[in-house]
Structures are given as structure tokens and as C-alpha cells.
Amino acid sequence: MSLEQLNANSFEKVIYDNEESCLVIFSRKTCHVCKEVVPVLEELQPQYLDRFGFYYVDVEEEKNLFQRFSLKGVPQILFFKDGEYQAKLAGAADEDKVIDKIEEVLES
């Protein structure tokens, strides 16, 4: 299952209008670490169907979103709940770290 890609408009809708509990990975197609992290998220996604959203932002296509959060480098996984930023994982996040953050966000 691939991650749904967001642009500036769909990002606003998902995060702020729908106030969905979700994660958004800021990534780049040519990033080697991103190519390792994205499949981990794709594998986790079915476990959280209808409870937690998984999204992708291509930083080369959506530079403004990347800059808006003052991110340095990729991959960066941002976690949101009720329209508010909750947490971030940077770099080569493994499955356990991602699961821990998702559970933290869902329980908060």
C-alpha cells in the first residue's frame, strides 16, 4: 500500500480541516535513507487503517511546506493530532520508533 502524496492544499485539508491523527514523511525521491524508511511506513499502514493516516510530501515539489516547518534534511516524519503538531522523527527511523510515536500520539 503506497502512501498518499500531499500538496499544499491537501495538506491543509488533512491536517487542519479534518484534524486527522496522522504522520507525514517529508522525503525526496533521490534520498537513499528515504528509500529505506518509506517501505517501513507502507508496511505499518494497514495496521492503523481508519485510526491513523500515513502521508508523503515530496520536498522538491513542495518546497514551501518543507520550509514552513523549518526542516533540515530528509527524511523527516512529522506526527499530527487534532490539527496540532505532536512530534518528529528525523533520519533513519526504524519500525519500533515509528510505532512508539504513533501509539504516543493516539494515546495523547
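Are cysteine 31 and cysteine 34 buried or exposed?

Modeller: Both cysteine 31 and cysteine 34 are buried. Buried means under 20% relative accessible area, exposed means over 50%, and partly exposed lies in between, using a 1.4 Å probe and protein chains only. This is a predicted model, so local features need pLDDT of at least 70 and side-chain atom pairs count only at pLDDT 80 or more, while totals for chains, interfaces and linings use all residues. Residues are numbered from 1 along each chain as its sequence is written, and side-chain values use heavy atoms, leaving out hydrogens and water.

A disulfide is a covalent bond between the sulfur atoms of two cysteines. Here the term requires a pair of cysteine sulfur atoms within 2.5 Å. The whole structure holds one disulfide. Cysteine 31 and cysteine 34 form a disulfide, with their sulfur atoms 2.5 Å apart. The torsion about the S-S bond of cysteine 31 and cysteine 34 is about 85°, so this disulfide is right-handed. Cysteine 22 is in no disulfide. The nearest cysteine sulfur to cysteine 22 belongs to cysteine 34, 18 Å away. Cysteine 22 counts as buried because its relative accessibility is 0%.

Now the strand that carries cysteine 22. Helices (H or I, at least four residues) and strands (E, at least two) are DSSP runs, numbered from the N terminus. Strand β2 spans residues 22-27, and six of its six residues are buried. Cys22, Val24 and Phe26 point one way from β2. Leu23, Ile25 and Ser27 point the other way.

Next, the neighbouring strands. Two strands pair if DSSP finds at least two bridges between them. Strand β3 (residues 53-58) runs parallel to β2 and is joined to β2 by six bridges. Cysteine 22 faces glycine 53 of β3. From β2 the chain passes through helix α2 (residues 32-44) to reach β3, a right-handed β-α-β crossover. Right-handed here means that, with the strands pointing away from the viewer, the path from the first strand over the helix to the second runs clockwise. Strand β4 (residues 76-81) runs antiparallel to β2, with five bridges joining them. Leucine 23 has phenylalanine 79 opposite in β4 and phenylalanine 54 as its bridge partner in β3.

What about β3 itself? Six of its six residues are buried, so β3 is largely enclosed by the rest of the structure. On one side sit Gly53, Tyr55 and Val57; on the other, Phe54, Tyr56 and Asp58. Strand β1 (residues 4-5) pairs with β3 in the parallel sense over two bridges. Glutamine 5 stands opposite tyrosine 56 there.

Last, the packing. A nonpolar core is a set of buried Ala, Val, Leu, Ile, Met, Phe, Trp, Tyr and Cys residues joined through side-chain atoms within 4.5 Å. The largest one has 20 residues, and Leu23, Leu41, Phe54, Ile77, Phe79 and Val98 touch the most other members. Elements giving two or more residues to this core include β2, α2, β3 and β4. The largest share, five residues, comes from α2. Another core lies apart from this one, with 18 residues, among them Leu6, Tyr55, Val57 and Leu65. Contact means heavy atoms within 4.5 Å. Leaving aside residues up to four places away in sequence, leucine 41 touches Leu3, Leu23, Ile25, Phe54, Ile77 and Val98.
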